[in-house]
Amino acid sequence: RALHASSPAPSARPIEQVTIFGAGLMGAGIAQVAAASGLKVTMTDVSDGALENGRNIITKSLTRIARKKSPDDAAAQRSFVDSVFANLSTTTSAPDAVSSADLVIEAIVEHLGTKQELFRRLDDVAPKEAIFASNTSSLSIKRIGETCSDARRKRFAGFHAFNPVPQMKLVEVISTDQTLPEVTTALLDLCKRMKKVPVQCSDTPGFIVNRLLVPYLLEAIRMVERGEATPEDIDTAMKLGAGVPMADPIHVAQFVGLDTLSHIASGWRAERVSTGEIDAKQVEEVALLEKLVGEGHKGRKSGKGLFDCE
Ligand code: CAA
Ligand code: NAD
């Protein structure tokens, strides 16, 4: 399959209404950027508390951007924040959330069964032409879509944004062997509208970035576990020695969420080692990671991980 086709088929219908499932780090970030790009966005989650958390994430990020845009003008800052929120509604009702969606993006917990169950329910209630996309970090897009009808699987793809979404330019657009070209094209167009740089990926473990990044982050935590260096020194060494911006792996792991990293690794151990897609050694369980997650230390989102962080 040519990934670099120069003139893809035109998109069938422009995406105007986007529904995001999950109001956590990623869902809120995608909702924010989509709403700021003029799309009509519905953000949904399982509880009012989770939606409140998502709105708080967005408010904090928009306020930061607004202060930068209009440093001495509180009214302009407020008006900017309000203009983005005007494009965003929230609900805990999944059927209401998708009833007029052109695109549904799922950014819920990194667990195959939970994602499959969500899409199975949505398939019956969303418009037939709506595109379904997952923001999974590591799971197979094709498998996530398995619980949907044949017709929907043709309109099913990956839309993998990066954390923090307002800041990170990249989106990986993942097509399965069933995804229609017009669906891929519509998602590539959407990325551009959201001022993101898209790359096209095959449905392989971790796509491009995480395939390279996750083993690196896990090995950094193993170094701490083996007592070879402190978390702070590992970060300093990689930041100053490897020359890549944000190469410091402990910082990035805490940014991603230690729980999410643990889910990625265990998912790959369960599904991708026996198929030969992933080397077992690279994703061996890291006891220190599991201990921290078990104690509720998830990194930035809980304020504590391998070191304190906010
Ligand atoms: N919303 C809006 N603006 C933000 C923001 C946010 N959440 N976070 C940072 N910014 C802005 C700041 O306002 C600032 O703007 P200017 O440069 O215009 O002044 C700029 O970003 C830099 O911010 P800081 O001064 O706070 O600088 P920083 O050194 O803390 O950089 C960062 C912030 C760029 C986000 C940096 O912390 C970073 O690169 N973090 C790691 C990001 C990363 O590697 N993400 C990938 C994780 S892997 C992944 O996402 C895939 C997966 O599936 C797990
Ligand atoms: P998070 O824990 O911050 O948020 C997940 C949200 O999903 C929570 O608010 C939770 O209440 C909600 N949720 C769970 N089940 C739900 C359901 N059935 N319906 C609606 N909402 C539900 O997680 P996150 O870091 O935002 O990650 C979300 C997804 O994005 C995962 O698949 C993850 O792998 C992927 N991802 C994460 C990062 C990252 O750096 N954290 C980057 C890219 C992709």
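A residue is counted as near a molecule if its C-beta atom, placed from the backbone, lies within 6 Å of that molecule. In this predicted model, 26 residues surround ligand 2. The closest of these residues are Gly 22, Gly 24, Met 26, Ser 137 and Asn 163.

## The two ligand shells

The largest share, three residues, comes from H1. By class, the shell around ligand 2 consists of 12 nonpolar, 11 polar and three charged residues.

Around ligand 1 there are 18 residues, and the closest are Ser 61, Ser 137, Phe 162, Asn 163 and Pro 164. The elements that supply two or more residues to this shell are helix H2 (48-69), helix H9 (209-225) and helix H11 (249-256). H2 gives the most, with four residues. Ser 137 and Asn 163 are listed among the closest residues for ligand 2 and also among those for ligand 1.

The table sets out the composition of each shell.

| Shell | Residues by class | Element giving the most |
|---|---|---|
| Ligand 1 | 11 nonpolar, five polar, two charged | H2, four residues |
| Ligand 2 | 12 nonpolar, 11 polar, three charged | H1, three residues |

## Domains and their contact

The protein is divided into domain 1 (17-201) and domain 2 (210-294). The C-alpha centres of domain 1 and domain 2 are 26 Å apart. Eight residues from domain 1 and nine residues from domain 2 take part in the contact. On the side of domain 1 that touches domain 2, three residues are nonpolar, four are polar and one is charged.

The shell around ligand 1 draws at least three residues from each of domain 1 and domain 2. The shell around ligand 2 likewise takes at least three residues from each of domain 1 and domain 2.

## Nonpolar cores

The largest nonpolar core has 56 residues, and those with the most contacts inside it are Ile 30, Ala 31, Val 104 and Ala 157. Helix H1 (residues 25-36) provides the largest share of this core, nine residues. A second, separate core of 24 residues includes Leu 218, Phe 255, Ile 278 and Leu 292.

Which residues does Ile 30 contact, leaving aside its neighbours within four places in sequence? The partners of Ile 30 are Ile 20, Ile 105, Ala 107, Asn 135, Ala 161 and Val 165.

## Helix H10

The buried residues of helix H10 (residues 231-241) are Pro 231, Ile 234, Asp 235 and Met 238. Seen down the axis of H10, these buried residues fall within an arc of 95°, so they line one face of the helix. They pack against H9 and H11. The face of H10 turned away from the buried side carries the exposed residues Leu 240 and Gly 241.

## Backbone features in the loops

Asn 163 and Pro 164 are joined by a cis peptide bond, with omega about 0°. Pro 164 lies in the loop between strand E6 (156-161) and strand E7 (170-175).

Two residues other than glycine have a positive phi: Lys 195, with a value near 60°, and Phe 207, with a value near 55°. Lys 195 is found in the loop between helix H8 (181-193) and strand E8 (197-201), whereas Phe 207 lies in the loop between E8 and H9.

Are Lys 195 and Phe 207 buried or exposed? A residue is buried if 20 or more other C-beta atoms lie within 10 Å of its own, and exposed if 12 or fewer do. Lys 195 has 10 other C-beta atoms within 10 Å and is therefore exposed. Phe 207 has 22 other C-beta atoms within 10 Å and is therefore buried.

## Arg 120

With 15 other C-beta atoms within 10 Å, Arg 120 is partly exposed. Leaving aside its neighbours within four places in sequence, Arg 120 is in contact with Thr 147 and Cys 148. The C-alpha atoms of Arg 120 and Ile 144 are separated by 9.5 Å, and these two residues are 24 residues apart along the chain.

Technical notes. Residues are numbered from 1 along each chain as its sequence is written. Chains are lettered from A and ligands numbered from 1 in the order in which they are written. This is a predicted model: local features need pLDDT of at least 70, side-chain atom pairs count only at pLDDT 80 or more; totals for chains, interfaces and linings use all residues. A nonpolar core is a set of buried Ala, Val, Leu, Ile, Met, Phe, Trp, Tyr and Cys residues joined through C-beta atoms within 7 Å. Two residues are in contact if their C-beta atoms, placed from the backbone, lie within 7 Å. Domain bounds come from an automatic or database domain assignment. Ala, Val, Leu, Ile, Met, Phe, Trp, Tyr, Cys and Pro count as nonpolar, Asp, Glu, Lys and Arg as charged, and the others, Gly among them, as polar. The arc is that of the directions from the helix axis to the C-beta atoms.
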